[in-house]
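Here are my notebook entries from an afternoon with one structure. Have the picture open while you read along.

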Amino acid sequence: MLDHGFVRLDDAMADDLSVVNSARVSFGRRVTEMSDADAGLIRFLMRERHGTPFEHNAFRFHVRCPIFVAREWFRHRVGSFNEFSLRYATATDDFYVPEPEDVRTQVGKPGAYSFEPVDPELAETAREELRTVYEAAFATYQRLVEQGVARELARAVLPVGAYTEFYWTVNARALMNFVSLRNAEPAQREIRRYAEAVEALFAERMPVTAAAFVASGRVAP
Ligand SMILES: Cc1cc2nc3c(=O)[nH]c(=O)nc-3n(C[C@H](O)[C@H](O)[C@H](O)COP(=O)(O)OP(=O)(O)OC[C@H]3O[C@@H](n4cnc5c(N)ncnc54)[C@H](O)[C@@H]3O)c2cc1C
């Protein structure tokens, strides 16, 4: 993802049957294979926004992304996070430099911005400016650490384009809320790329649920 990141599904306890069985427990029933009726039940639950049967599963993702993407991600409170520590570990010199086609300008009003490409010369200038700041910031960080300043303090010079790493464990209901907001036009392009990947990994594990989510207008139940 982007220039130095990734998102991978570290592990999952998740399938469409978990939705069906947690809903059917109301009737004391349990099945071991999906039927057409079960797929219809999932579509019904999604449409009617009966959300709790979508919570009996877990996805654990391992993510590497710029700090500004992580910061948007961590706003999603339903789920668990553990992040790389700049107290216990030393920063890497990986920083986000957008591809030229991702350098954009912002036009319009708050709530209705659109983002348009800039001319190639400005794109290259922006990339060069970023690299210059990153190099200076990282050199200062290294110098301070070498002189004995605590890593937890020296990190104050690092920009939000620095990469971080975290684990994120989340159930399908909260995951759908995440992708409905972040794999969407208004979301920032960088987090959107990650959200697309998260959605694809979710759809592999819970294809009927993912299809019902899309059919319901991508509104989380
Ligand atoms: C395009 C975009 C722009 C944004 N801009 C800003 C911004 O400028 N500034 C800013 O601060 N944030 C901004 N956000 C973050 C946004 O406000 C949410 O914090 C973030 O999207 C998490 O959404 P959530 O609360 O639905 O998710 P989660 O925190 O995962 O919550 C999932 C669901 O649980 C329920 N829930 C969770 N906690 C509570 C609670 N305390 N009370 C009631 N219900 C709860 C809600 O139904 C919620 O939808 C932006 C988000 C997007 C997508």
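What percentage of the 221 residues in the protein is buried? I found that buried residues make up 27% of them. A residue counts as buried if 20 or more other C-beta atoms lie within 10 Å of its own, as exposed if 12 or fewer do, and as partly exposed in between, with C-beta atoms placed from the backbone.

**Ground rules.** I noted that this is a predicted model, in which local features need pLDDT of at least 70, side-chain atom pairs count only at pLDDT 80 or more, and totals for chains, interfaces and linings use all residues. Residues are numbered from 1 along each chain as its sequence is written.

**Overall layout.** I looked up eight helices and six strands in the protein. These are DSSP runs numbered from the N terminus: helices are H or I with at least four residues, strands are E with at least two. From the N terminus on, I read the order as β-α-α-β-α-β-β-β-α-α-β-α-α-α. The C-alpha trace spans about 65 × 45 × 25 Å along its principal axes.

**Domains.** I have domain 1 as 6-85 + 162-215 and domain 2 as 100-157; such bounds come from an automatic or database domain assignment. Taken over C-alpha atoms, the domain centres are 31 Å apart.

**Two helices.** I then turned to α1 (residues 16-24) and α2 (residues 36-47), whose axes come within 10 Å and cross at roughly 80°. Axes are lines fitted to C-alpha atoms, for helices over the stretch in contact, and angles run from 0 to 180 degrees between N-to-C directions. α1 and α2 are therefore roughly perpendicular, a label for angles of 65 to 115 degrees. Which residues of α1 meet α2? D16, V19, V20 and A23 do, and their partners in α2 are D38, L41, I42 and L45. Contact here means C-beta atoms, placed from the backbone, within 7 Å. Ala, Val, Leu, Ile, Met, Phe, Trp, Tyr, Cys and Pro count as nonpolar, Asp, Glu, Lys and Arg as charged, and the others, Gly among them, as polar.

**Around the ligand.** My list of residues around the ligand includes R75, H76, R77, N177 and R182. The shell has five nonpolar, two polar and three charged residues.

R49 has phi near 60°, a positive value in a residue other than glycine. I located R49 in the loop between α2 and β2 (58-66). Is R49 buried or exposed? R49 counts as exposed, with 10 C-beta neighbours inside 10 Å.

Terms used:
A residue is near a molecule or strand if its C-beta atom, placed from the backbone, lies within 6 Å of it. Angles under 35 degrees count as roughly parallel, over 145 as roughly antiparallel, 65 to 115 as roughly perpendicular and the rest as oblique. Two residues are in contact if their C-beta atoms, placed from the backbone, lie within 7 Å.
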